[in-house]
Amino acid sequence: MASARNQSLSFTDIVETSDAATLEVQSKAEGPVGSLPLTDEMLRHWPSGDLFGLSQNAGMGWSAGEVDRDPFLILSTQGGLRAPDGTPIALGYHTGHWEIGLLVQEAAEELTKLGKAPFAGMVSDPCDGRTQGTPGMMDSLPYRNDAAIVFRRLIRSLPRRKGVLGIATCDKGLPAMLLGLAGTGHLPGVLVPGGVTLPPRDGEDAGKVQSIGARYSHGELTLMEAAELGCRACASPGGGCQFLGTAATAQVVAEALGLALPHSALSPSGQPIWRDMARRSARALVALAARGTTTRDILSEASIRNAMTVHAAFGGSTNLLLHIPAIAFAAGLPRPTVEDWHAINVKVPRLVSVLPNGPHYHPTVRAFLAGGVPEVMLHLRALGLLDETAMTVTGEPLGRVLDWWQASERRTQLRERLVTLDGVDPEDVIMDPPRARQYGLTSTVTFPRGNLAPEGSVIKSTAIDPTVVDPDGVYRKTGPARVFTREHDAIAAIKGQGAHPLKAGDVLVLIGRGPMGAGMEEIYQITSALKHLSFGKEIAVLTDARFSGVSTGACIGHIGPEALAGGPIGRVRDGDLIRIVVDRVRLEGTVDLVGADGVEFDRLEGRRILSERSAHPNLSPDPELPDDTRLWAALQSVGGGTWGGCVYDPDAIIAALQAGTANRLNLTAVEKTS
C-alpha cells in the first residue's frame with residue numbers, strides 16, 4: 001500500500017503546490033511589543049552576546065519586560081514528535097525518549113512560576129534494542145562521549161544560565177547527561193530520570209521478546225505467537241525497558257550519586273507521580289542555585305562509592321562499569337579500579353529481585369513501588385555500607401534523606417499499593433539481607449582472569465542460571481571453543497543454521513568485537529537467544545565485546561586485552577578446550593585455554609601455547625566499522641581503555657600526539673643527516 005502511494009507521486013506533486021496562499025510571503029513584521037528592561041550597568045558592562053540574547057528572548061515571544069529573568073537550562077534526550085493527544089506525528093527511536101518532552105514542559109512551567117526563564121535544548125539518543133545485530137550498534141558506546149561533549153557545549157553556550165536540569169532515560173543518553181552535568185561542576189545540576197514503561201498484562205517483557213527470532217528458528221514459538229508477543233511487549237508508550245538493564249541501572253545510579261531526587265528512579269512514565277517529579281526537580285534546582293550549591297558539592301569520592309554500592313545491591317548492568325568511572329573522571333575524581341569494584345561487590349549483598357536476575361522476575365515498576373533506591377539504601381545503611389555525609393540535590397546529606405524516607409507517607413502508601421495492585425509483598429522485591437540469603441541471591445559481579453583474560457574480564461555472576469551451578473556455589477565448565485569473528489555468524493549458528501550449528505556444551509568465543517573491531521558492541525542478540533532457548537544455559541560465551549544490562553547466563557565479556565590489541569583471546573581456534581570457573585560466593589574466577597588438538601594441559605602450558613600462536617586468520621576490524629568509531633576507539637584507548645571508562649583524557653591524548661610529532665621530527669632530522 002505504502003509503495004503504491006509513493007509511486008503515484010508525480011514530479012509536479014513534489015515541486016509544485018496547489019495552494020496559492022502559500023506564495024503570499026511577507027517581508028516585514030511588527031516585532032514584539034514593549035522594550036527591553038535595560039540599565040546603564042547592562043549597556044556599559046554586559047558582553048554584546050548577553051544583550052543580544054535578550055533580543056532573542058523577546059523575538060521568541062517571551063514578554064519583553066521579563067526577558068532578563070534568571071535563565072535555567074533544561075537539557076533532554078527527547079526524540080520523536082508526539083501530538084498533544086499522545087499519537088505519533090514522527091516516531092522516536094525508542095519509548096525512552098518518546099514522552100520526556102512532557103517532563104520538559106512540567107519543569108519549564110514550574111521554573112516560570114518561580115520567576116525564572118526556562119530554556120530547553122536536546123540531544124536525542126539511539127536505541128540499543130533497535131540496533132542489536134546491526135551496524136548501528138557500532139555507534140552505541142561512542143555516542144555517549146559525543147553526546148556528553150555536545151551537552152557541555154550547549155551548557156556553555158547559554159552564558160547566563162544559573163543551573164541545568166538534565167532529563168534522560170536510557171542506556172547511553174542518561175550516562176551522557178551525567179557526564180555533561182559532572183563536567184560542568186561549577187553549576188547547580190539536577191538529573192531527572194525518564195522512568196520506565198509498563199509490562200503487558202499478558203505477554204513478554206521487552207528483554208525476552210528480543211529472542212523471538214531464535215526461538216522461532218528452533219520451533220519453540222509459532223509465527224503467530226512471535227507476531228503477537230512482539231506487538232505488545234511495550235505496554236505503555238514512554239519510559240525505559242521494564243527490566244534492570246543499563247537504562248534502569250543508570251537511573252538508579254544517578255539517584256545513588258545524589259544527583260536525582262530521592263525516589264525518582266524507575267518512576268512509571270506518563271503518570272502523575274512521574275510528572276510531579278519533574279516539577280519538584282525544578283524546585284530543587286532553583287533552591288541549589290539560591291544556596292550556591294553546585295554539582296561539585298554533590299559529586300565526591302563518597303558519592304561514587306555509594307553509587308557503586310547501590311549498583312551491587314540492585315544487581316545492576318555491567319555497562320555501569322564503563323559509565324561510573326567516566327562520571328568520576330568528568331567530575332575530576334579518581335576513577336574506581338577493578339580492585340575497587342571487586343572489594344565493594346564482596347561486601348555488598350544483592351537485595352533486589354527483578355528482571356532479568358530473579359529469582360522473582362518482577363518488572364522495575366514494582367521495584368519503584370517497593371521503595372526504589374531509598375528503600376535499598378535503608379538496608380545498606382543498617383549494614384554500615386553507605387557514607388551518609390554525601391550531599392544530595394535536596395540540599396541535605398544522604399543521612400537526612402534516608403531519615404525522611406523511613407518515616408514518609410509516600411513510602412507507606414506506595415508499598416501498600418504494590419500489594420493492592422499486584423498482590424506482591426514489597427519485601428519479596430526489595431529484600432533484607434536474611435531474606436536475600438534465604439532466596440539464594442548472590443553478589444553481583446565477578447572479574448575472571450586467566451591465560452585468556454590477563455587484564456581481566458567481567459561476568460554478572462549473580463545471573464548465571466542456578467541449575468548449572470554446583471552445590472558449593474561455583475560454576476564450572478570445560479568445553480570446546482566455537483570461534484566467531486562476526487556476530488551475524490554466531491547468531492546464525494545459535495539459530496541452527498549452517499553446517500555446524502551451536503550445541504549444548506560449546507563455548508562460544510566471539511572476538512574482534514571490542515573497541516577497535518566493532519566499537520565494543522553490545523551482543524544482547526546472542527545472550528538473549530541463549531537465555532530463552534531450552535538448551536542455551538549449557539553454552540558459555542567469551543567475548544571482548546560487552547553485554548546489555550538485561551543479559552544473563554555464563555557470559556564473560558570486556559575481555560582484555562581485546563583481540564585486535566593482541567589479546568590472547570584472539571588466538572583461540574575452533575576445538576580448543578576452554579575451562580571456565582566462576583565462584584559466585586567468593587567472586588573469583590578464571591578463564592583458561594587448557595587443551596588443543598586433543599591434548600589437555602594446565603593453564604601455564606596454555607599461556608605458553610597462546611604466546612606462540614598467531615592471531616586467528618579471520619580476525620580483523622569489521623568492514624562496516626565507521627571512521628567516527630575508529631577515531632573514538634583510538635582516543636579512548638589513550639585515556640585508559642574500557643577499564644578506565646572509555647573516556648577522552650585530553651592530557652593523555654595531547655601528550656601522545658606531541659610524543660608522536662616529536663618522534664616524526666626526530667626521524668626526519670636523522671634522515672636529512674644520513
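Predicted model: local features only at pLDDT ≥ 70, side-chain atom pairs only at ≥ 80, totals over all residues.
Gly 238 counts as buried because its relative accessibility is 0%. The residue sits in the loop between α9 (223-231) and α10. Show its surroundings. Leaving out residues up to four places away in sequence, Gly 238 touches Thr 95, Glu 99, Val 196, Thr 197 and Ser 269.

**Helices α7 and α10**

From α7, pick Leu 174, Pro 175 and Leu 178; from α10, pick Ala 247, Ala 250, Gln 251 and Ala 254. These are residues that meet across the pair. By class, the contact holds six nonpolar residues, one polar residue and no charged residues.

Next, select His 263, in the loop between α10 and α11. His 263 is not a glycine, yet its phi is positive, at about 60°. With a relative accessible area of 1%, His 263 is buried.

**Helix α13**

Select residues 301-314, helix α13. Check its length in the viewer. At 1.5 Å a residue, its 14 residues should span 20 Å, and the end C-alpha atoms are 20 Å apart, so the two values agree.

How many residues of α13 are buried? The count is 12 of 14, and the helix is mostly covered. Among the buried residues are Ser 303, Asn 306, Thr 309 and His 311, along with Ile 304, Met 308, Val 310 and Phe 314. Color the cover. It includes α10, α12 (295-298), α14 (320-330), α15 (338-347), α17 (372-382) and α18 (398-407). Step just past the end of α13: Gly 315 takes a positive phi of about 80°.

**Helix α17**

α17 is part of the cover of α13, and α13 is part of the cover of α17. Select α17 next. It is mostly covered, with 10 of its 11 residues buried. The buried residues include Glu 375, His 379 and Arg 381, as well as Val 373, Val 376, Met 377, Leu 378 and Leu 380. Besides α13, the cover includes α10, α16, α18, α19 (409-422) and α20 (433-438). Just after α17, look at Gly 384, which has a positive phi of about 75°.

Stay with Leu 380. Which residues does Leu 380 touch, not counting those up to four places away in sequence? They are Thr 309, Val 310, Ala 313, Val 348, Leu 351, Leu 385 and Leu 386.

**The nonpolar cores**

Zoom out to the largest nonpolar core, which has 106 residues. Leu 191, Leu 266, Phe 314 and Leu 380 touch the most other members. Helix α11 (residues 272-291) gives the largest share of this core, eight residues. Then find a second, separate core of 30 residues. Tyr 475, Val 582, Ile 609 and Leu 610 are among its members.

**Two cis peptide bonds**

Center on Gly 358 and Pro 359. A cis peptide bond joins them, with omega about 10°. Pro 359 lies in the loop between α15 and α16 (364-369).

Now jump to Gly 560 and Pro 561. The peptide bond here is also cis, and its omega is near -5°. Pro 561 is found in the loop between β11 (555-560) and β12 (577-583).

Find Ala 504 in the loop between α21 (487-494) and β9 (507-510). Is Ala 504 buried or partly exposed? Ala 504 counts as partly exposed, because its relative accessibility is 44%. Draw a distance to Glu 538. Their C-alpha atoms are separated by 5.0 Å, although the residues are 34 apart along the chain. Leaving out residues up to four places away in sequence, Ala 504 touches Phe 535, Glu 538 and Ile 539.

Finish at Met 520, in the loop between α22 (515-518) and α23 (524-532). Met 520 is not a glycine, but it has a positive phi of about 50°. At 1% relative accessibility, Met 520 counts as buried.

Notes. Residues numbered from 1 in each chain as written. Heavy atoms only, no water. Contact = heavy atoms within 4.5 Å. Helix = DSSP H or I, 4+ residues; strand = E, 2+ residues; numbered from the N terminus. Nonpolar A, V, L, I, M, F, W, Y, C, P; charged D, E, K, R; others polar. Expected span 1.5 Å × (residues − 1). Buried < 20%, exposed > 50% of the residue type's maximum accessible area, 1.4 Å probe, protein only. Core = buried A, V, L, I, M, F, W, Y, C linked by side-chain atoms within 4.5 Å.
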